[in-house]
Amino acid sequence: MTPGHTPAEPVAQAQPVGPARPVVGTQPVVRARDVTMTYGDLEVLHGVDLDIHRGEIFALLGPNGAGKTTTVEILEGFRRRSAGEVSVLGADPERGDDAWRGRIGLVLQSWRDHRRWRVAELLTHFAAYYPDPRDPAELLALVGLTEQAGRQVERLSGGQRRRLDVALGIVGRPELLFLDEPTTGFDPEARHEFHVLVERLAREEGVTVLLTTHDLMEAERLADRIAMLVGGRIRACGTPTELARQAAARAEVRWTADDGTPRRERAADPSRLVWELHRDANGPIAGLEVRRPTLEDTYLHMLHRETDGTDGTHGTDGTDGTDGTDGTARAA
Amino acid sequence: MTNAWRAGLQRGRIELRHLLRSPKEMSGHLTNVVVALVIAAYVTGHVPGTHVPMAHLLLAGFAAYLLFQIGLVNLPQILVTEREEGTLLRLRATPGGIPAYLVAKTLLVVAVAVGTLALLLAVAALLADGPLPHGPGGWLTLLWVTTLGLLAVVPLGAAIGAVLPNPREALALIMLPTMGLLFTSGTVFPITSLPVPVQQVASVFPLKWMAQGLRSALLPDTARTAEAAGSWELPMVALVLSAWAVLGFLLAVPLLRRAARRESGSRLSARHRRAAQSGALPG
Ligand SMILES: Nc1ncnc2c1ncn2[C@@H]1O[C@H](COP(=O)(O)OP(=O)(O)OP(=O)(O)O)[C@@H](O)[C@H]1O
Ligand SMILES: [Mg+2]
């Protein structure tokens, strides 16, 4: 440990449930309490709690098979939960009628329907189901498929097909949009454009977005709040910064020591460490660099804590004192 | 609801256009017609005890079989494929999507049935003096037997399409019994030439009655002496076909509802994964 540096920075109590920033006076758009889901003998969700507020972009992360799709499908009304309470746009999804459906848009993880249809034909057709649809031509421009308007759906590339799925998901001007791994197969430019589109929908039109992804950069870039679904429970939920705090993931401080060796240390409070270094050196510090924990650091940290089972089970976090690996990195 | 109707009709028209432009599917339907015409052209002789050419009996039988096949082979295949690809799921996620889907499919099935039937009878009449209804009564019989025949097989086909596992297995499961009925229902040769137990089994199923009804519409009245009962038994035709229609609806409504309810993204992904592993689907 750094001389004079106290590692006893208060570690946030992990908040496995609930919103980090409750929006006062508004009913959450999505509210789930103690939702469980069992497939035969396999219990996939053991009590999921979620609150998603209007206009928020909310990302659901978790390893393969964690139950993300299952959770999203329960909220979409496609799957009957085994137990628990769910309200989506003020209704129980299991009893959602057509009017309710019309307020929801979705992009599923995998579909290959309507192969023979032409792109514009399909979008125009699906516009016909909604009372106030978007203009299909504008929508095609928005997702960058204008050139492919006359092409058969089965002739689209994977990424183009996915963009068409996104266009179909928002053609009815939904208030709530579910996106299950929407950017799988996107090239970097398409991904960027997709991010701009989702942000625009949320910021300008107040659309609430629930997104699942394996792309942590994407979650960090887009999401106001992130929830981590591990082992059938929401293990952490909050803004990326709050998550880092909950995970006790620490920032990395790098500098070059007087003898020219590179040094590296992880600190829960990097500002304090830097101040101490300055004080010790009594002057500028060569090669000083502070890297805040990326979402990837946080994610992996939390995941390991879960799977090791040594710490943090049921979301009650211990202190980071049990984790001896971080402080020893100093002499790297 | 009006939205769903409009969307359904639009959908039906678009699907029909796709069908007409799909060489593979069109050749499937046309092959049936051509096979019927070719066989009819080679058949000689008369229906025993009458002056009716055997070819006419065969064409009337094939006409019934075409309807039967559209309802019980083509429709289930379309349903199973569209379940697997996610079409049904997408419509489920769309307000009014499922009613629109049903409207579109009805439109499609009726159009294909009427189209192939008309083509078969028109070409046969033009090229080979084929059978046509005699007088308004004959046309009326043709109309109601066709309608009731479709009502007997289409809901049943929808029910089958709602439960069958996947398009590849589905075809094998449906084709065998269908072919069996083709040869035992008196469609391609006089039913009286078959052993009585076979006749009895076949008379449980709608194909025999559809064929008999169409014969009564298309063949001269004298041909009824070749029927098992010595008459057309039209009340019985109506009764059996109605019974199948009722049974079909009773099965189709809950089974389709269940199929739509069970569709979800993760089932779709699981199926695609399996299909990709077996190399059956690209990507
Ligand atoms: N219909 C089903 N029947 C039985 N088990 C299922 C079914 N659907 C999902 N599962 C199982 O439930 C678990 C969660 O699946 P789910 O698809 O929700 O995970 P996911 O978090 O979306 O994973 P991925 O990141 O791979 O998309 C998995 O173990 C899966 O095998
Ligand atoms: Mg998933």
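1. A residue counts as near a molecule if one of its heavy atoms lies within 4 Å of it. Residues from chains A and B surround ligand 1, so its site is shared between the chains.

2. This is a predicted model, in which local features need pLDDT of at least 70, side-chain atom pairs count only at pLDDT 80 or more, and totals for chains, interfaces and linings use all residues. Residues are numbered from 1 along each chain as its sequence is written, chains are lettered from A and ligands numbered from 1 in the order in which they are written, and side-chain values use heavy atoms, without hydrogens and water.

3. Around ligand 1 there are 15 residues, and the closest are Gly65(A), Lys68(A), Thr69(A), Thr70(A) and His214(A). Helix 1 of chain A (residues 68–76) gives the largest share of this shell, three residues; helices here are DSSP runs of H or I, at least four residues, numbered from the N terminus.

4. A polar side-chain atom lies 2.9 Å from one in the case of Asn64(A), and 2.8 Å in the case of His214(A). For Gly65(A), a backbone N or O atom lies 2.8 Å from an oxygen atom of the ligand.

5. The contact between the chains (heavy atoms within 4.5 Å) takes 36 residues from chain B and 31 residues from chain A.

6. Five salt bridges are counted between chain B and chain A, each a side-chain nitrogen of Lys or Arg within 4 Å of a carboxyl oxygen of Asp or Glu. One of them joins Asp165(A) to Arg90(B), with the closest N and O atoms 2.8 Å apart.

Technical notes:
Polar contact = N/O pair within 3.5 Å; in protein donor to acceptor, adjacent residues only side chain to side chain. Helix = DSSP H or I, 4+ residues; strand = E, 2+ residues; numbered from the N terminus.
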